[in-house]
Amino acid sequence: MARLILFNKPYGVLSQFTDRGSETARATLSDYIDVPGVYPAGRLDRDSEGLLILTDDGALQARISSPKHKTPKTYLAQVEGEPDDAALAALRRGVTLNDGPTRPATVRRIEAPMLWDRDPPVRYRKSVPDSWIELTITEGRNRQVRRMTAAVGYPTLRLVRWRIGGWEIGDLGLGEWREVERSSPSR
C-alpha cells in the first residue's frame, strides 16, 4: 500500500531531506519527518509555508507535481497593498512572466485567515496596507504565485499553500504531519 503524508511545512524549511553543499545548516524535511522511502510530490520554496505532500508512489508523485495533469494548488497570499479589480482580472486571465504566459488562475479577496505565527514575522509597514487573496493555479513554476502577484503590482509578503487537489491542510499544526488514505487528487 502506497504511503501518503500531508505535512505543514514551516517557513525556512527546505523541501528536501538533505542540505548538501551548504556551509550553514538549514532546516530540511528530515528535521520533521522520519519516514523512510517517501519523497515530496513537488516543492514549496523555503520562504513559503503550508501543505507539502510526500509519498513513496512515483506515479502519484508525478501526477501531483507535473503541470500536464493540472492538479490545482490553492494558496493564501498576503500581498502588499489592496488588489483592485483590474489586478484580479489580470490574474484570472493569466499574466505574462519572463518565462511565458501563465494559465488563468482562480482568485478572490479574502479576510485575513487565522494562521499560525510566522517566525520571523512578516515585516509591517504602517504606511503601506496589506491584504489577503486566495489564488488557485494549475501549474507549478518556480516562485510562480509570487511572480504573478508582483506582475500585477502587489508583491507577496507571505505565502501559504492550503490545498493540493483534494488534500487540504485543515487543522494540521505547523511542523506537523499525518498519514492519510490515498485517493486520487481531484480537480
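Q: What places Pro120 in a loop, and between which strands?
A: Pro120 lies in the loop between β7 and β8. Helices (H or I, at least four residues) and strands (E, at least two) are DSSP runs, numbered from the N terminus. This is a predicted model, where local features need pLDDT of at least 70, side-chain atom pairs count only at pLDDT 80 or more, and totals for chains, interfaces and linings use all residues. Residues are numbered from 1 along each chain as its sequence is written, and side-chain values use heavy atoms, with hydrogens and water left out.

Q: What kind of peptide bond joins Asp119 and Pro120?
A: A cis one, with omega about 5°. Most peptide bonds are trans.

Q: Why is Lys70 called partly exposed?
A: Buried means under 20% relative accessible area, exposed over 50%, and partly exposed in between (1.4 Å probe, protein chains only). Lys70 has 42%, so it counts as partly exposed. Lys70 sits in the loop between α1 (58–65) and β4, and its phi is near 55°, a positive value in a residue other than glycine.

Q: How do you know whether Arg143 is buried, exposed or partly exposed?
A: Its relative accessibility is 32%, so Arg143 is partly exposed. Arg143 belongs to the loop between β8 and α3, and its phi, too, is positive, near 55°.

Q: What makes β4 and β8 a pair?
A: Two strands pair if DSSP finds at least two bridges between them. Strand β4 (residues 73–80) and β8 have eight, in the antiparallel sense, so they pair.

Q: How many bridges join β7 to β8?
A: Five bridges connect β7 (residues 106–110) with β8, and the two run antiparallel. Thr106 stands opposite Thr136 in β8.

Q: Why is strand β8 described as largely enclosed by the rest of the structure?
A: Seven of its eight residues (130–137) are buried, so β8 is largely enclosed.

Q: What makes a set of residues a nonpolar core, and how many residues has the largest one?
A: A nonpolar core is a set of buried Ala, Val, Leu, Ile, Met, Phe, Trp, Tyr and Cys residues joined through side-chain atoms within 4.5 Å. The largest has 29 residues, and those with the most contacts inside it are Leu54, Leu91, Ile133 and Leu135. Helix α2 gives the largest share, four residues. A second, separate core of 18 residues includes Trp116, Trp162, Trp167 and Leu172.
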